[in-house]
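User: I'd like to learn how to read a structure like this one. Could you walk me through it, one feature at a time?

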Amino acid sequence: MREPSGSRWAVVVAIGVAVIAALSGVAFGPVSLPIDGVVGELLNMIPGVSVDSGLSGTSQAIVREVRLPRVVLGLLVGGTLSLGGAAYQGVFRNPLADPYLLGVAAGAGLGATIAITGNIGDGAGFFDPVPLAAFVGAVGAVILAYGAGAAGGRSVASLILAGVAVASFLTAMQTYVLQANSDAFREVYAWILGRVATSGWSEPLLLLPYFVLTGAVLMRYRRALDVLAVGDEEAEALGLDPRRVRLVVVTVASLGAAAAVSVSGLIGFVGIIVPHTVRLLFGVSYRLVVPLSAILGGAFMVLADLAARTVVEPAELPIGVVTAFLGAPFFILVLRTSRREVW
Amino acid sequence: MDNQPTLAVRSLAVRYGNRNVLADVSFDVADGEWVNVVGPNGAGKTTMLRAVLGTVPFSGDVAVGGATRKQALSWATQVAYVPQTPTIPAGMSVVDYIMLGRTAHRGVFGRERKVDWVVVADVVEKLSLGAMVTRTVDSLSGGERQRVVLARALAQQATMLLLDEPTTALDLGHQQQVLDVVQELRVTEGLTILATLHDLTLAARYGDRVVLLAEGTVHATGPAESVLTVDNIAHHFGAEVRIIDDEAGPIIVPAPTSGR
């Protein structure tokens with residue numbers, strides 16, 4: 001008896017999908033570029049490689065400085081949010097869990113709202129204050145929820161309830177701040193709806209370490225997530241400390257999600273839909289759910305962004321609208337056609 | 001120290017809030033022995049098993065193989081547990097589920113090694129699960145499911161097996177089938193078994209000794225004939241029974257006088 005052999009192929013196929021999505025993301029837009037030229041130009045970015053891409057100087061700049069950073073950010077945001085969702089669903093044994101459950105969204109929303117309405121000024125040094133405030137708000141919310149939930153014996157249910165309470169509280173505060181500064185309404189709302197717009201490489205580079213951290217830790221813990229599926233008591237009887245696993249997994253997944261929403265706004269739904277699609281297509285074992293969520297989550301976000309910036313050209317749709325608008329029907333299709341029982 | 005019991009429970013007590021669920025529970029299970037714990041609902045049978053397992057806080061001593069431990073974590077390679085109502089994860093395949101039993105052997109971060117697959121294959125063969133390894137656990141019938149949960153426990157390669165009401169929700173045939181499998185494994189694998197059982201006749205028929213637990217404490221220990229008496233059952237279960245003596249152990253049948 002040995003490991004089922006289908007898993008390696010699933011990863012290869014997923015990477016293929018992500019590469020196609022990324023190439024499309026770079027090639028299509030207000031100015032469409034030839035795919036071969038795009039591939040050539042991307043190869044040129046590898047040190048030591050020099051091919052003739054046939055692209056003009058402007059097109060080269062579009063690829064290198066505009067589209068590629070945006071595509072990379074999409075891959076990172078989608079991957080991080082999907083990883084976070086998969087991880088939360090695992091440790092909370094709840095199909096609707098994602099980092100927003102413990103207040104990541106509410107905390108980030110409050111932080112961003114305070115930063116925007118407080119008009120703390122643009123580009124205070126290297127950091128833009130809005131993402132920084134969103135990050136602090138998101139991390140603070142999770143710490144608050146975890147602290148409150150842990151006092152109740154750290155059971156899954158008490159954590160979820162504490163998260164709901166903290167999220168409601170922070171949302172109420174955000175509403176209050178916004179009410180008092182109604183002139184900032186449009187700006188705050190636009191931030192909430194989300195975007196993967198970039199100014200060069202600073203955003204992707206900011207998010208990269210968080211994505212790497214979340215991905216690396218969850219890859220280490222994916223078998224532990226499978227064990228947690230039998231509940232805390234049985235997991236303990238099998239030799240796994242469920243509370244420790246939950247603390248580590250929630251910490252990295254929340255950090256990743258906080259970083260993602262701080263640069264991209266509150267893009268919802270991805271953390272729920274991508275891991276479930278993976279489960280429906282490839283089975284429930286986290287051995288595959290973790291890597292495939294990261295890869296396909298990124299691909300999904302890049303495609304959603306492509307739609308967001310091409311459907312109503314030259315205007316852009318908020319990406320949060322597109323992820324749900326494209327994602328929901330697709331998910332229902334998968335749900336109806338899959339014969340697997342995954343939850 | 002050859003005669004050291006595999007399991008030694010001394011002055012075990014468990015409190016939930018300010019309620020004593022178990023108080024001063026002491027008994028031994030010898031190496032290779034099968035002991036059944038019986039008692040009325042709420043006597044503390046499951047709590048006792050969980051305390052032995054180490055998943056509820058307790059006072060007193062529980063020693064397995066001479067070593068005293070307080071937590072389940074550190075001895076998953078010595079004690080395996082089959083819960084009364086196992087949590088069955090939706091969509092998990094039988095082979096993945098049995099592999100969970102290898103958790104303590106491969107470590108939290110470890111990949112499945114060759115030895116893990118060998119053990120799983122071995123367990124699958126012993127319990128004749130070959131035909132269902134690729135199916136999902138939630139698609140199995142009650143009897144098949146119980147064998148798969150037993151397989152996961154066996155994959156832990158522990159010397160001691162704790163069974164919590166292994167026959168609940170099974171029909172007569174499957175009840176016997178599961179207990180027969182346990183008996184066979186006990187012999188072939190050299191397992192020591194501590195089980196809670198609802199059915200007194202089954203408790204008398206399988207295993208070596210019976211522990212009668214009532215109101216959180218041990219009221220009698222010994223061979224089935226001496227523990228499962230008409231008086232004991234009337235007193236602790238509030239049930240009127242007749243006992244039919246059979247070579248293989250007493251048969252307990254309900255005989256309420258108000259019945260007719």
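**Reading the model step by step**

Analyst: Happy to, and let's begin with a hairpin. Strand 1 and strand 2 of chain B form one with two residues between them. In that turn, Gly17(B) has a positive phi of about 65 degrees. Please keep in mind that this is a predicted model.

User: In which sense do strand 1 and strand 2 of chain B pair, and over how many bridges?

Analyst: Strand 1 (residues 7-16) and strand 2 (residues 19-29) of chain B pair in the antiparallel sense, over seven bridges. To find one of these bridges, look for Tyr16(B), whose bridge partner in strand 2 of chain B is Arg19(B).

User: Which residue has a positive phi although it is not a glycine?

Analyst: That is Asp24(B), with a phi of about 50 degrees. You will find Asp24(B) in strand 2 of chain B.

User: How is chain B divided into domains?

Analyst: The domain assignment gives domain 1 (1-78 + 160-260) and domain 2 (85-157). Taken over C-alpha atoms, the centres of these two domains of chain B are separated by 25 Å. Their contact takes eleven residues from domain 1 of chain B and 13 residues from domain 2 of chain B. On the domain 1 side, helix 6 (residues 172-189) of chain B gives the largest share, five residues. The residues of that side divide into eight nonpolar, three polar and no charged.

User: And the contact between the chains: how many residues come from chain A and from chain B?

Analyst: In general, the size of an interface is often given as the accessible area lost when the parts come together. Here we can go by residues: the contact takes 26 from chain A and 28 from chain B. On the chain A side, the elements giving two or more residues are helix 8 (202-228) and helix 9 (232-237) of chain A. By class, that side has eleven nonpolar, four polar and eleven charged residues.

User: How do helix 11 and helix 12 of chain A cross?

Analyst: The axes of helix 11 (residues 270-282) and helix 12 (residues 286-310) of chain A come within 9 Å and cross at roughly 125 degrees. The two helices of chain A are therefore oblique to each other. The crossing of helix 11 of chain A past helix 12 of chain A is right-handed. Among the contact residues are Val274(A) and Phe282(A) of helix 11 of chain A, and Leu292(A) and Phe300(A) of helix 12 of chain A. By class, this contact has eleven nonpolar, two polar and one charged residues.

User: Which residues does a cis peptide bond join?

Analyst: Glu313(A) and Pro314(A), with an omega of about 0 degrees. Pro314(A) is found in the loop between helix 12 and helix 13 (319-337) of chain A.

Conventions:
Residues are numbered from 1 along each chain as its sequence is written. Chains are lettered from A and ligands numbered from 1 in the order in which they are written. This is a predicted model: local features need pLDDT of at least 70, side-chain atom pairs count only at pLDDT 80 or more; totals for chains, interfaces and linings use all residues. Two residues are in contact if their C-beta atoms, placed from the backbone, lie within 7 Å. Helices (H or I, at least four residues) and strands (E, at least two) are DSSP runs, numbered from the N terminus. Ala, Val, Leu, Ile, Met, Phe, Trp, Tyr, Cys and Pro count as nonpolar, Asp, Glu, Lys and Arg as charged, and the others, Gly among them, as polar. Two strands pair if DSSP finds at least two bridges between them. Domain bounds come from an automatic or database domain assignment. Axes are lines fitted to C-alpha atoms, for helices over the stretch in contact, and angles run from 0 to 180 degrees between N-to-C directions. Angles under 35 degrees count as roughly parallel, over 145 as roughly antiparallel, 65 to 115 as roughly perpendicular and the rest as oblique. A crossing is left-handed if the near helix is turned anticlockwise from the far one by less than a right angle, and right-handed if clockwise.
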